[in-house]
Amino acid sequence: MSLVRWRDRGELSPWAPLRDIEGQFNRLFGELARDYDLFDRGWAPAVDVKENEQEYTIEADLPGMKKEEIDITVVDNVVTLKGERKHESETKEKDYHRVERRYGAFERTFEIPGGFDADKIAAHFDNGVLKVTLPKREESKPKQIEVKVS
């Protein structure tokens with residue numbers, strides 16, 4: 001059994017070969033930068049942003065973190081997630097074959113179109129996943145307009 005590279009739906013477009021080349025460059029330079037620590041780049045957690053008629057939801061993967069290490073701030077229509085994942089054990093280079101997990105501070109900022117009700121924001125952290133729920137304002141929720149016949 002062998003692994004097959006994942007391809008998205010756009011692979012049939014005429015630009016697909018260029019995206020493949022771009023992906024290969026990103027992998028190459030990303031691996032070089034990581035292996036030789038060329039850039040002191042922090043890390044950024046993977047995040048999903050969802051929307052339904054009632055609310056926006058931001059879910060961030062933050063494995064190995066504690067809720068005390070996460071900071072959520074809201075200004076106008078902008079939500080910022082900040083934190084720092086600390087490397088708790090002493091690293092001895094000769095014992096590691098590969099170190100891929102990133103440590104240090106991160107910051108992710110999201111502008112939510114149409115805004116949200118800041119007084120009703122809720123955040124929940126479970127099993128390394130932070131879920132921030134941003135209820136929509138009443139004026140930004142979709143409304144059904146009845147058509148009257150006269």
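Trp-43 is buried, with a relative accessible area of 10%; buried means under 20%, exposed over 50% and partly exposed in between, for a 1.4 Å probe and protein chains only. Phe-106 is buried as well, at 5%. The model is predicted, so local features need pLDDT of at least 70 and side-chain atom pairs count only at pLDDT 80 or more, while totals for chains, interfaces and linings use all residues. Residues are numbered from 1 along each chain as its sequence is written, and side-chain values use heavy atoms, with hydrogens and water left out.

Over the whole structure, a search finds 1 aromatic pair. The rings of Trp-43 and Phe-106 form a tilted pair, because their centres are 5.0 Å apart and their planes stand at 55°. Rings of Phe, Tyr and Trp (its six-membered ring) pair if their centres lie within 6.5 Å; planes under 30 degrees apart count as stacked, over 60 as edge-to-face and the rest as tilted. Trp-43 lies in the loop between helix 1 (16-36) and strand 1, and Phe-106 in strand 5 (residues 104-111), so the pair ties together parts that are 63 residues apart in sequence.

The protein chain has 1 helix and 7 strands, in the order α-β-β-β-β-β-β-β from the N terminus. Helices (H or I, at least four residues) and strands (E, at least two) are DSSP runs, numbered from the N terminus.

An open sheet of 4 strands has the order 1-2-7-6, with antiparallel pairing; two strands pair if DSSP finds at least two bridges between them. Its edge strands, strand 1 (47-51) and strand 6 (122-126), each pair on one side only. On average, neighbouring strands of this sheet are turned by 15° against each other, direction ignored; the axes are lines fitted to C-alpha atoms, and angles run from 0 to 180 degrees between N-to-C directions. Strand 6 is joined to strand 7 (residues 129-135) by 5 bridges, and the two run antiparallel. Ala-123 has Val-132 in strand 7 as its bridge partner.

Two charged side chains sit over tyrosine rings. The charged end of Arg-85 is 5.6 Å from the ring centre of Tyr-103, and that of Lys-136 is 5.2 Å from the ring centre of Tyr-56. The criterion is NZ of Lys or CZ of Arg within 6 Å of the ring centre and within 35 degrees of the ring normal.

For the protein chain as a whole, buried residues make up 22% of the 150 residues. Of the contacts (heavy atoms within 4.5 Å) with a separation of 6 or more, 53% join residues 24 or more positions apart.
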